[in-house]
Amino acid sequence: MPRSTGRVTLPIQEGIDDQLRELVALLGADAVRNSDGTDLPAIASELVDTVYSTYFPARGDQDFALAHPETLINQYLMSERVTAPSDRPLVIEVLEGYFADQFQPCYERVERFWEVIDRTTGEVVPPQGWSVDRERGTLTIARPRAWHVYTVSFLAEQLWDSTQMYNYITNGWQDEPGRLKERPYDVRKNGVWEHSRAALAAWLEEHPEVDVVRFTTFFYHFTLVFNTEGRERFVDWFGYSASVSPEALDAFEAEYGYALRAEDFVDAGYYNSPFRPPSRAFRDWIDFTSRFVAARAKELVDLVHARGRRAMMFLGDNWIGTEPYGPHFASIGLDAVVGSAGSAATTRLISDIPGVECTEVRLLPYFFPDVFNHDGGDPVGQANDFWLSSRRAIVRRPLDRMGYGGYASLALEFPGFVARAAEICQEFRDIHDLSGGREPWCAPFTVGVLNSWGALRSWQTHMVAHAQWYKACYTYAGVLESLAGLPFTVRFLSFDEVLDSGVPEDIGVLVNAGAAATAFSGGPAWDDPRLAEALRAWVARGGGLIGVGEPSAWDKGGAFLQLGDVLGVDRERQLTLSTDRYPTLVPRHPITEDLPRDAQGMALLDHGEGAGGDVYALGPGTQVLSYADGSVRVAAKGFGRGRAVYFSGLPYSEVNSRTLQRALYWAAGREDLVEEWWTSSPHTEIAWYPRAGRFLVINNARQAVRTTVRGQGRTWDLEIGAMGCRWVEVGSRQDGQDGRPGRGGPSLPGGATRPDGGA
């Protein structure tokens, strides 16, 4: 295939001009950018058509920050849990366990913004019952109850920007002289907003070479807290605990008519984790903060546009308040969004964002010393890992652009990595060029993912930190990771939406996946009988339901899974051990066709950490398709005119992804689709582009694979190299059968071009 150029953004830095010219040419880049802590070299505009520059509204002017220490960002923290050994005064060091370089207590109106709670009883200790020693950073409870546990929830001031702190630790910058520990400032505080507007206007005048302002991001950082050793103590990609301030809390009370407590933010130490079913107060705070951020961000974007530049947002760092699937994001008026891709799900998180002209993914690895060193780092291995996961999503919903970040000088020390990156860039462009500018064919029904968050957190369930896998999370995150590369339109629905309006007509199958008591399974949402009523009726009319882990879990009415009658299973919690059960084992079924078998012929499923306990079938009508250690792993059941499937857990793997695809077809009553654009090897996946008259088969394995493709009554026997792909011409183009058109090509900057001008 001829080599093409474009659609690629590269990080550059000063002092390596000749090498940069070679790197840009080799990767076919048409845009360059600086990274955190680096400046654009003078040759930037000479290298490419478009120059990005990072811009930091919340920490970009350190002279201002140092001159105005009263403008520091605040954050809500909770002290360690301390047990009172007697009824004598109990002294609590509020910052014990936290990194002193990151935080200091904020003593403004402590009686209003601090809160002491007896965690044994849940009672709030009134301000008259405690006192604060500002010199020592301690709080003393005058008369605690012996052997009760107490905590202090308090406002802190953030002395060091969270991302820069992470960069210091990762890169070993602590010992380098002259590096400034950047202090973040809050645009709600006196004079900061006026300064921020003026600073951006001046910066735009001073940098005529910049075509695209890459806001990194806007005002409030996700929750990232370090411990006394400078290691990460608490991370929440969605955390709003650093969006607070006395000014914001006062404004909230004036608008909403009620005051928020410290407990509304620290949440007994859970900090409103996205796994927690959200409270009314936290939902209100998200909307309050998002409206404020959108209004202020729009003014900055308008400044950029007024000077003939484009505005791009990095989905990371200070992204709180700009949730891209929320109701206020589009009002900002951004031209583009760029985000880091560490998985298929996070790639879809970027590519599906509505309301922008251009989406760009920053592929990993980031060019940092933690990967690009000569003592065990594996840049090529990581590049392959992240490309294989992201490619699945890119094929289904192509992004407009891709790029890398970090320090180019580090990458240049690894010629093997540079060569592999060049191959990845070309393969990315080929997906655009050969697909005809459209998405591939999808199944004729939509898959709905049902949880407490709905559309607000599209493609973002079971995330703690962006694209990181955590204990237990992987069991459920695998559902989205699979869906991100499968031929389905996916829509995220909330329980409230179903209660208010029912299941949308385009939904063919609903998925409810998660552990009991979490926002993803539903927790107290299932205490409302109307929810189970609505979903039972919907399945009985012909809908499909897939439950993973502990779907609909809520202990009520003698059942743990409230939709157990639909799914055909419930979970044993050592309360019904006296009841004998005789499962109906079904060794062969369309859902489990690709799974390996045990000695008895039963399908074996990788269920990760599973549902946390024994799962049993509720009667002979439940077909048990996988059964191990006395527990149901996979089950299928008819319910009225509909169907339901249960998985005890579903971490991502090539085989599990294929099994989920089969289950979705079966639950929708469309098993016939297994014969339409299907590949025989689970290592491979296919995308069919009717209007282009060709299909693409990708190999997700690290070895060559032979596979047979079925589609339109024809078969093709193919061999695909390790991690490779294969485009196949079918011979005729068909109108109206493939997916949505793309966004119309990259607007930042021009589109990719081939030397011969053709495909």
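A residue is called buried under 20% relative accessible area, exposed over 50%, and partly exposed in between, using a 1.4 Å probe and protein chains only. Helices (H or I, at least four residues) and strands (E, at least two) are DSSP runs numbered from the N terminus. This is a predicted model, in which local features need pLDDT of at least 70, side-chain atom pairs count only at pLDDT 80 or more, and totals for chains, interfaces and linings use all residues. Residues are numbered from 1 along each chain as its sequence is written, and side-chain values use heavy atoms, without hydrogens and water.

Begin at strand 33 (684-689). Of its 6 residues, 6 are buried. T684, I686 and W688 point one way. E685, A687 and Y689 point the other way. Strand 33 runs antiparallel to strand 34, with 6 bridges joining them. Strands count as paired if DSSP finds at least two bridges between them.

The UniProt record, an unreviewed entry, annotates residues 677-727 as "domain: Lacto-N-biose phosphorylase C-terminal". Such annotations may be inferred rather than shown by experiment; their positions follow the numbering used here, and feature names are shortened. That span is 0% helix and 61% strand, and its end C-alpha atoms lie 14 Å apart.

Now the voids. On a 1 Å grid over the protein atoms alone, a cavity is a set of points where a 1.4 Å probe fits but cannot get out; a pocket is an open set with protein on both sides within 12 Å along at least five of seven lines; lining residues have an atom within 4 Å of a point. Grid points are joined across faces, edges and corners, and a volume is the space filled by probe spheres set on the points.

The whole structure holds 7 cavities of 30 Å³ or more. The largest cavity has about 200 Å³ of space. It is lined by 19 residues, with R396, P487, E685, I686 and A687 closest to its centre. Strand 33 gives the most to this lining, 5 residues. By class, the lining has 11 nonpolar, 4 polar and 4 charged residues. Here Ala, Val, Leu, Ile, Met, Phe, Trp, Tyr, Cys and Pro count as nonpolar, Asp, Glu, Lys and Arg as charged, and the others, Gly among them, as polar.

Of its 13 lining residues, S343, H462, M463, A467 and A477 are closest to the centre. Helix 14 (residues 473-483) gives the most to that lining, with 4 residues.

Next, the open sites. The largest pocket has a volume of about 1,300 Å³. Its lining has 46 residues, and S340, R362, L364, H466 and Q468 are the closest to its centre. Where does the largest pocket lie? It lies between domain 1 (8-60 + 190-232 + 277-435) and domain 2 (446-673), because both give residues to its lining. Domain bounds come from an automatic or database assignment. Helix 11 gives the most to this lining, with 6 residues.

The second largest pocket has a volume of about 800 Å³. Among its 33 lining residues, D39, T54, F56, G60 and W203 are closest to the centre. Helix 6 supplies the largest share, 6 residues.
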